[in-house]
2 protein chains.
Amino acid sequence: MRPVDALLETIPVALGTRSYRIHVGPGALASVGRELSGLGVGKKALLMADRGVLARYGATVRESLSRAAFEVGELTVPEGEAAKALAVAERAWEASIDAGLDRSSSILALGGGTVGDLAGFVAATYMRGVNFVQLPTTVLGQVDAAIGGKTAINHPRAKNIVGAFHQPRLVMCDTAALLSLPEREYRSGLAEVIKHGIVLDAAYFADVEASLPALRARDLGTLTQIIAGSCRLKAGVVERDEQEADLRVVLNYGHTIGHALEVVTGYARWTHGEAVALGIAGAARLAERLGIADGAVRQQQLQLLEAVGLPTRGADVPAPSVLDAIARDKKVRDGRLPFVLAPAIGTFRLVYDVPAAEVRATLADIA
Amino acid sequence: MRPVDALLETIPVALGTRSYRIHVGPGALASVGRELSGLGVGKKALLMADRGVLARYGATVRESLSRAAFEVGELTVPEGEAAKALAVAERAWEASIDAGLDRSSSILALGGGTVGDLAGFVAATYMRGVNFVQLPTTVLGQVDAAIGGKTAINHPRAKNIVGAFHQPRLVMCDTAALLSLPEREYRSGLAEVIKHGIVLDAAYFADVEASLPALRARDLGTLTQIIAGSCRLKAGVVERDEQEADLRVVLNYGHTIGHALEVVTGYARWTHGEAVALGIAGAARLAERLGIADGAVRQQQLQLLEAVGLPTRGADVPAPSVLDAIARDKKVRDGRLPFVLAPAIGTFRLVYDVPAAEVRATLADIA
């Protein structure tokens, strides 16, 4: 067996006083105590995770923190989206008081994107902001949700409507945790990996294409390289536009239609990654319809999505509902919403005021 | 009558991309539409205030906004601290959805510090942050709460424990609104004015001393000058330390003991300003006890507080409870809490690890 450190990648995120590092590699969770200690934060902490994740990784994280002399409270949160309820945030603020957290303390999120969103929001708002550590154990969490400081909870009438930008102080992506993900969840996370390649980096897109067999086999070396590559791409965007003023909207590629499909189907029919895959298929078709990209660019995207087992057809939901959901997107500003489209692999363009008829025709194409 | 604009003062707060301006003067509320429009924000807005404040100033603000083509929703919040409950924040998020606010929209807080704290927190967290406008109608709001971006709601077990730093885009301090404040509330606000003089600016302290008769008579010209002076001092501190990393703690002068007194008496016995006045009396005595300042410095502070009708004695509450409340102060970091003390008028020093016996003796002195 190769030593763990040989596989460890470190990605700096340069955000001035809010800079931090992302560590990617198998076994990363066991180093959280040492890394957090190196930041000179206070010794009190609160760890949040769901029951299943705690059973699997809780001991590793607790031991690592305890070896570094941290005093760690724990809060078990509901699994999945149920964690992102205001009532859970309220329990988490209470748990923070109980654990005696002060402004020098840390809140750690262990698990998927939902616990990260919740714990990040609590860390952003407890005492107007305490240190936050992301310990993502899913592909989606490692390449997307854990990086960039977007945190949120849901309102019964709108997902992610209440939140804050609050950068983590530290992100530890343990790629060994990906080995135990259910196949559907693993594949779904790869939708964001592919998205990064499409709009940001043609060479990375080619790397993912070339790594397909190893990715399917979840080879740890390949996983670490691909995850680290995605982290690097996302970090680069976040560094240039921390609060989604302009450039960061590129990360929304495939999400305008994808998110609307999730809303219309009550988040029950597709995983987030599957909806994003359909959204990418839609965006690729829309770019073609608008004469922004040719058919070959669309084909490349569809082929890679399909090769990892993600859907590119089957979005047979009523177009008016989808258009309505798009109109209520959080990224609408004073009534306008840009579509992110890809003229070629590795590039993007923002297109405003896309005619509804074009979106409707696109939806028919991915139905 | 002098024209309103002749009395208008504008104070810039330089915080890079988060810079904004504070307008101080009688009639300022009537200009909110024009000023907000000048910032190029979206045309949807939500106005929050309690019933009494809405009855008094709602029409002026609504008309001003409407003349500038804003479409304004309204939320009536409970009076005083009751506004700062999580349930009210939840209603406000809902009202923001109902009013169709998007990321380019604005939330306006009209009234005292509590509605500003609540509305600021909602503006900080709705869609991860929308534009926020402070329209403070109290002395405390105008010289302190509305400036600097501190927002918060309460938890049943701890005040202001949930919040965010979120700078306003605009602050309009209508000094004519101060004419209708009840005497006790008016005087209480002056505690923060005096605090600014003590720790930040001896000349301003002397100005306040010299303006006493005019301040007691609530002369609009004097009020505008004194309020603007306090805004300028607070803005200077916020510019140098936006997120209370170090310098900003100076604004906590008189608040360590003052806040503990409020906690111990359940916020029922003294107004915030009265508790701060007692806290200033305590800090002045503590500085003398520790040999940091001489008796004359303390006397100057007591005299000015007493001249505006604020208490400097009568804090007869059990010392152990006060010490306990101090130990749980939000500004404790990894177990340590600095006292802000004034070696002379216009200067300050942070003093760590003050012996409990000294605090106890100080409390006896202001009992």
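The following legends describe close-up views of a predicted model.

**View 1. Relation between chain A and chain B.** Chain B is superposed on chain A by a rotation of 180° with 0.0 Å of shift along the axis, at an RMSD of 0.0 Å. The two copies are therefore related as by a two-fold rotation axis. The same surface serves both copies, since 100% of the contact residues of chain B recur in chain A.

**View 2. Packing of helix α6 against helix α7 in chain B.** Helix α6(B) spans residues 183-200 and helix α7(B) spans residues 202-210. Their axes lie 6 Å apart, and the helices pack at an angle of about 145°. The crossing of α6(B) past α7(B) is left-handed. On the α6(B) side, the contact is formed by V193(B), I194(B), H196(B), G197(B), I198(B) and L200(B). Their partners in α7(B) are A202(B), Y204(B), F205(B) and V208(B). By class, this contact comprises eight nonpolar residues, two polar residues and no charged residues.

**View 3. Packing of helix α6 against helix α11 in chain B.** Helix α11(B) covers residues 272-289, and its axis comes within 7 Å of that of α6(B), with a crossing angle of roughly 35°. This crossing, too, is left-handed. From α6(B), the residues R184(B), S188(B), A191(B), E192(B), K195(B) and I198(B) take part. They meet H272(B), G273(B), E274(B), V276(B), A277(B) and I280(B) of α11(B). The contact of α6(B) with α11(B) contains five nonpolar, three polar and four charged residues. I198(B) is listed in the contact with α7(B) and in the contact with α11(B).

**View 4. Surroundings of L179(B).** L179(B) is placed in the loop that lies between strand β9 (170-174) and helix α6 of chain B. Its relative accessible area is 43%, so L179(B) is classed as partly exposed. Leaving aside residues up to four places away in sequence, L179(B) touches R218(B), L220(B) and L223(B). The C-alpha atoms of L179(B) and T137(B) are 9.7 Å apart in space, while the two residues are 42 residues apart in sequence.

View 5. Over all chains, the structure holds zero disulfides. In chain A, the cysteine sulfur nearest to that of C231(A) belongs to C173(A), at 4.5 Å. C231(A) is in no disulfide, because a disulfide requires sulfur atoms within 2.5 Å. C231(A) has 0% relative accessibility and therefore counts as buried. In chain B, C231(B) is likewise in no disulfide, and the sulfur of C173(B) is 4.4 Å away. C231(B) also counts as buried, at 0% relative accessibility.

Technical notes
Residues are numbered from 1 along each chain as its sequence is written. Chains are lettered from A and ligands numbered from 1 in the order in which they are written. This is a predicted model: local features need pLDDT of at least 70, side-chain atom pairs count only at pLDDT 80 or more; totals for chains, interfaces and linings use all residues. Side-chain values use heavy atoms; hydrogens and water are left out. Axes are lines fitted to C-alpha atoms, for helices over the stretch in contact, and angles run from 0 to 180 degrees between N-to-C directions. Helices (H or I, at least four residues) and strands (E, at least two) are DSSP runs, numbered from the N terminus. A crossing is left-handed if the near helix is turned anticlockwise from the far one by less than a right angle, and right-handed if clockwise. Contact means heavy atoms within 4.5 Å. Ala, Val, Leu, Ile, Met, Phe, Trp, Tyr, Cys and Pro count as nonpolar, Asp, Glu, Lys and Arg as charged, and the others, Gly among them, as polar. Copies are superposed by least squares on the C-alpha atoms of residues with pLDDT of at least 70 in both. Buried means under 20% relative accessible area, exposed over 50%, partly exposed in between (1.4 Å probe, protein chains only).
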